[in-house]
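Reader: I would like to learn how to read a fold from its parts. Can we take it one feature at a time?

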Amino acid sequence: MRYKSTRNSQLRLTASQAIAQGISEEGGLFVPESFPDLTQQLPSLLQMDYKTLAKAIFQLFLTDFTGEEIANCVEQAYAAEKFGGAQPVKVTPLTKQGEPKFLLELWHGPTCAFKDMALQILPYFLTVSLKKAAPGKEAVILTATSGDTGKAALEGFKNVPGTRILVFYPRDGVSPTQKLQMVTQEGTNVGVCAIEGNFDDAQTSVKRIFTNAALKEKLAAHNLLFSSANSINWGRLLPQIVYYFFAYGELIRSGYAQGTPMDVVVPTGNFGNILAAYYAKKMGLPIRKLICASNANKVLADFIRTGTYDRRREFYTTTSPSMDILISSNLERLLYALSGENSERLSRWMGELAENGCYTVEEDVRSQVQELFYGAWCDDQGAAETIRELMEEENYLCDPHTAVAVHVYRQYCKENGGSSVPAIIASTASPFKFSGTVLSALQRPVAAQEEENLQNLAQISGWCAPEQLATLQEKPVRFRQVVSKEQAEAYVLDFLGMGGC
């Protein structure tokens, strides 16, 4: 299996080269040259436990990894002590919440968010890749976060030999718990810095640094190279395909017949999580409709409905901050596939986005998008009402991102006269990560102290607050730096001990 760039179809790299590099020289994203059709293998794949399934899928894409290397990556990443302690490791439980709605809980990992599913294994992928593609080099992981990626990446790369990691987050664009998780991060190779602005400012700064040839040369002189833990890195996206196959297996084990189609509902801002479901569909998983749920920053929902992507709009800070994004990087991979892998066409759209803040795809691509996807959005009030209704009617506590997905799924059913197939709704974060928002939605008092909010939420729900969140207040704050987006490059150099700030 070789990898090409969305903006250079002539490029051919190995998996280890694509993972080590993270993003292509010209700014494109790496994609596999083909996707295997697993339709005939589905019956056997769906009988596998999570780790065995992951190994089977990874072997199809990481063909320059040995079977032993892949197995080692999987066993370390999805160890029982990281995902609830059960044997065999369930990793991603599927919870039935009224026919035909199922919630795929992706938040049972170390940082209580779905990003753990990929960022627990990416450091192992990257370590193997560096040995193959860039021996003797140390990787500098540079990441922008809208809340969950940052902590998951920091936790995954903490003290990993041969790596350093620096995370930028929008100063006022993450929840109090998300911020506390990052600024108290332990590890000798980690750094955290706030950006004045929103997530798009942080992400644009990181992309600009990645494509700065002079800066990369400076790093190379010190045996360093940039790589990414964002879902622009194929090694971050690949693991997310696995849990959609596993979820379908759980659906079959719950009593549905093999071959039953399903809908997949994903709350998303950067489009990576739902793109993984699209790739699973390409590989033979019987997904009927991909339902894209947006919050008030509804650039994706609008694009799906109109074919025009327009980031020239007001940016909203919402109660679902991980979706507060106006530039959805992974949409580029989808458009590359639907345009017949036409790099010139794709580059034109991305150029228009960079220069004008807007592009419109042609009818052939728009019609494919609308056939595959349904897009809608939910504001903060709708999310709060959904949190309250799920608790009152189904005794289920969810976070605001999951609430956005449930709300949009209800819109989809209403517009289509109900649904005749089961729906897998991605539940992307623990409600305890957003305790104040959830308590407010439940019309309960919100305390000034997060510890008290966690205790109150535990009492209301009957669930235990995750220990890793309950003990956050006891940890010292290590990172207080705030820079403008123009200062980001200098801060990276300073972090690396190469001057700059």
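This is a predicted model: local features need pLDDT of at least 70, side-chain atom pairs count only at pLDDT 80 or more; totals for chains, interfaces and linings use all residues.

Reader: How many aromatic pairs does a search of the whole structure find?

Author: The search finds 25 aromatic pairs. Phe 58 and Phe 125 form one that is edge-to-face, with 5.2 Å centre to centre and 85° between the planes. That pair links distant parts of the chain. Phe 58 sits in helix H3 (residues 50–61), Phe 125 in helix H6 (residues 122–133), and they are 67 residues apart.

Reader: Which parts does the pair of Tyr 374 and Tyr 412 tie together?

Author: Start with the geometry. Tyr 374 and Tyr 412 are also edge-to-face, 5.0 Å centre to centre with 65° between the planes. Tyr 374 lies in strand S14 (residues 373–377) and Tyr 412 in helix H18 (residues 400–415), so the pair ties together parts that are 38 residues apart in sequence. Tyr 374 and Tyr 412 are both buried.

Reader: Which residues do ring pairs link into a cluster?

Author: The cluster holds Tyr 3, Phe 35, Phe 61, Trp 234, Phe 271, Tyr 278, Tyr 279 and Phe 373.

Reader: On to sheets. What is the order of the open sheet of six strands?

Author: First the general idea. Strands of a sheet pair through backbone hydrogen bonds, either parallel or antiparallel. Here the order is S4-S5-S15-S10-S11-S14, and the pairing is mixed. S4 and S14 are the edge strands, each pairing on one side only. Neighbouring strands of this sheet are turned by 25° against each other on average, direction ignored.

Reader: In which sense do S4 and S5 pair?

Author: Strand S4 (residues 94–96) and S5 are antiparallel, over three bridges. Lys 96 stands opposite Phe 102 in S5. The two strands form a hairpin with four residues between them. In the turn, Gly 98 has a positive phi of about 85°.

Reader: And what lies on the other side, with S15?

Author: S5 pairs with strand S15 (residues 423–427) in the parallel sense, over five bridges. Glu 105 stands opposite Ser 427 in S15. Strand S10 (residues 262–267) is also parallel to S15, over three bridges. There, Val 264 stands opposite Ile 424.

Reader: Why is S5 largely enclosed by the rest of the structure?

Author: Count its buried residues. Five of the five residues of strand S5 (residues 101–105) are buried, so the strand is largely enclosed. Lys 101, Leu 103 and Glu 105 point one way from S5, while Phe 102 and Leu 104 point the other way.

Reader: Next, helices. At what angle do the axes of H13 and H16 cross?

Author: Two packed helices are described by the angle between their axes and the distance between the axes. Helix H13 (residues 299–306) and helix H16 (residues 363–372) have axes that come within 8 Å and cross at roughly 115°. H13 and H16 are therefore roughly perpendicular to each other. H13 contributes Phe 303, Ile 304, Arg 305 and Thr 306 to the contact, and H16 contributes Arg 366, Val 369 and Gln 370. By class, the contact has three nonpolar, two polar and two charged residues.

Reader: Which strands does H16 touch?

Author: H16 packs on the sheet, touching S11 and S14, and its direction makes about 75° with that of S14.

Reader: What is the order of the open sheet of five strands?

Author: Its order is S9-S6-S7-S8-S16, with parallel pairing. Strand S9 (224–227) and strand S16 (482–483) are the edges. Six bridges join strand S7 (residues 163–170) to strand S8 (residues 190–195). Val 167 stands opposite Val 192 in S8.

Reader: Which strands does helix H22 lie across?

Author: Helix H22 (residues 488–495) lies across S6, S7, S8, S9 and S16, at about 150° to S7. Helix H10 (residues 213–220) lies across strand S6 (138–144) and S9, at about 135° to S9.

Methods. Residues are numbered from 1 along each chain as its sequence is written. Side-chain values use heavy atoms; hydrogens and water are left out. Two strands pair if DSSP finds at least two bridges between them. Contact means heavy atoms within 4.5 Å. Axes are lines fitted to C-alpha atoms, for helices over the stretch in contact, and angles run from 0 to 180 degrees between N-to-C directions. Angles under 35 degrees count as roughly parallel, over 145 as roughly antiparallel, 65 to 115 as roughly perpendicular and the rest as oblique. Ala, Val, Leu, Ile, Met, Phe, Trp, Tyr, Cys and Pro count as nonpolar, Asp, Glu, Lys and Arg as charged, and the others, Gly among them, as polar. Rings of Phe, Tyr and Trp (its six-membered ring) pair if their centres lie within 6.5 Å; planes under 30 degrees apart count as stacked, over 60 as edge-to-face and the rest as tilted. Buried means under 20% relative accessible area, exposed over 50%, partly exposed in between (1.4 Å probe, protein chains only).
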